Structure formats: structure tokens, C-alpha cells
Amino acid sequence: LALPIAFATLAQMCVITVNDLDLGIGAFVGFVACVGATWLNDQPLFGLFILALCIVAYGALGALIHLRNLPSIVVTLGMSFFWLGLALLVLPTPGGKAPEIVTTVMKYKTPLMPMTIYAAVAIALIVHVALKRSAYGVVLRGVGGNPQSVARASWSILRAKVTMYALAGFFGVLSGISLIGLTSAADANIALRYTLLSIAGVILGGGEFVGGRISPIGAVLGAITLTLTGSFLSFLNISSDWQI
């Protein structure tokens, strides 16, 4: 389950980049998983539309937080109950079925190493180049580190925050879809623990809460480390109630 956690960690990293914190990413991933195991499987076009709408909603959430100067912790915590409620409406009881193509991709056998490692390396490098090596990536990180300087340079802080929140939604969608590709079914509560794991993964990977100081490669490595730690605790027969 390293890849879904890695995607959720990158989603959290996007929000932390602009000096905010997302306490609803776990519930959001659970909602995406429920959509993927129901509508995306039964009505693919409608399911894709709902997932695209989720990304737009995340971007709008960033705009709301910025324009109204609201604390992100309070807003995203409130949204976590909203996402959880929607997930229960879509899938009241655990079940559903993941689309066959998603299951095939997630369980594809690659040479030398598991597919998860190749995918994690690829996504880490892509996000690293986008945020750490591009001109606009500097602006996006600057919004979290020194928004006054970014504003004086005539860059839109609102656009930057909407971009990062939309990216968080995009990675959240990838997390939910990859998760059901491994589990083959879904549950509204399937990813609630991802909220804490994603925050821990970002910080473990070298990110900081002050904003702008992040490491995409470190975040992915942090997520993989947490996954391996969880596997080790399970191997020791430690109760899942204590593992998190």
C-alpha cells in the first residue's frame, strides 16, 4: 500500500507548501475510493466527471481559505466530515468493485522490482522538477515562505493557492484510485488514517510547517518508510489500533 500513501503524502505536501494544513485528505481519499468502486466501474464517464469535480472543489476550497482568510485546519477538518458523509451516501456498506483496468495496472508484475517502486520514483521526480526546478515552482513555494515578496513581484497568491489545492485534489484522486486497485473494493473509512500518515510522511521527508520548505522526493521516501514501518508492526502482531 505504499503507492496510495505516497500519493496522499504528495497531496498533503502541496497544501503544506503554501503554509496550510489539510486534515481532510484521508476522508477525501476514502470518498474517491467509494466513487471508484461504484460509479467509475458502473458508469465510467459519470465517475470521471465526479472525480474531476472533486479536483475543482479542492481548488475552490483553496480560494475560499485565502479570500476569507480562514484557518485551513478548521476548514479542512470540517470538510473531512463532508467527504465522509458523501462517501457513506455513495457506499453505505463496504463493497463495490474496482474497475478492471485499475486492478490490472496496480497488480502488474514488472521486472527486477515491484511496480510500486518504479511508479514512486517516477512521480517523485516529476513533482521534484515541477516544484523545485521550474520558475513557477519557485513562485508556488514562495507563497508559503514569503507571500509578501511574491505579491510585490506581481504574482497572484490566489492563483497559486488554487493551483496547489487543485494539485492536492489530483493526488488525492490518484491515491483513492490506486488504493482500490490494490484492495479491489472500497469503504468510506478505508483511508482515514492517511491524514496523519501524510503529515508524518511530509515532515519525515524533510518538509517543514513554515511553508515553502518541502522535498517531493523526501515526501515519497517518507511515505514508503511509514508503509514499511506499518508492515513491520503487523509482522510483530501489534494491534492495528496501536500501529497508527
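Predicted model: local features only at pLDDT ≥ 70, side-chain atom pairs only at ≥ 80, totals over all residues.
What do the rings of Tyr58 and Trp83 do together? The structure holds eight aromatic pairs. In the pair of Tyr58 and Trp83, the ring centres lie 6.2 Å apart and the planes meet at 15 degrees, so the pair is stacked. This pair links distant parts of the chain, since Tyr58 sits in helix H4 (residues 44–67) and Trp83 in helix H5 (residues 72–90), 25 residues apart. Tyr58 and Trp83 also belong to one aromatic cluster, together with Phe28, Phe31 and Phe82.

Now for the wider setting. The protein chain has 13 helices and zero strands. Its radius of gyration is 17 Å, close to the 18 Å from the globule rule for 244 residues, so the chain is as compact as a globular protein of that length.

Here are some overall values for the protein chain:

| Property | Value |
|---|---|
| Span of the C-alpha trace along the principal axes | about 50 × 40 × 35 Å |
| Accessible surface | about 11,800 Å² |
| Distance between the mean positions of positive and negative charges | 14 Å |

Of the accessible surface, 69% belongs to carbon and sulfur atoms.

How much of the chain is buried? Buried residues make up 47% of the 244 residues. As for contacts with a separation of 6 or more, 78% are between residues 24 or more positions apart.

Key:
Residues numbered from 1 in each chain as written. Heavy atoms only, no water. Helix = DSSP H or I, 4+ residues; strand = E, 2+ residues; numbered from the N terminus. Rg over C-alpha atoms; globule rule 2.2 N^0.38 Å. Buried < 20%, exposed > 50% of the residue type's maximum accessible area, 1.4 Å probe, protein only. Contact = heavy atoms within 4.5 Å. Areas by Shrake-Rupley, 256 points an atom, 1.4 Å probe, with all protein chains shown as cover. Lys, Arg positive; Asp, Glu negative; His and termini not counted. Charge placed at Lys NZ, Arg CZ, Asp CG, Glu CD. Phe/Tyr/Trp six-rings, centres within 6.5 Å; stacked < 30°, edge-to-face > 60°.
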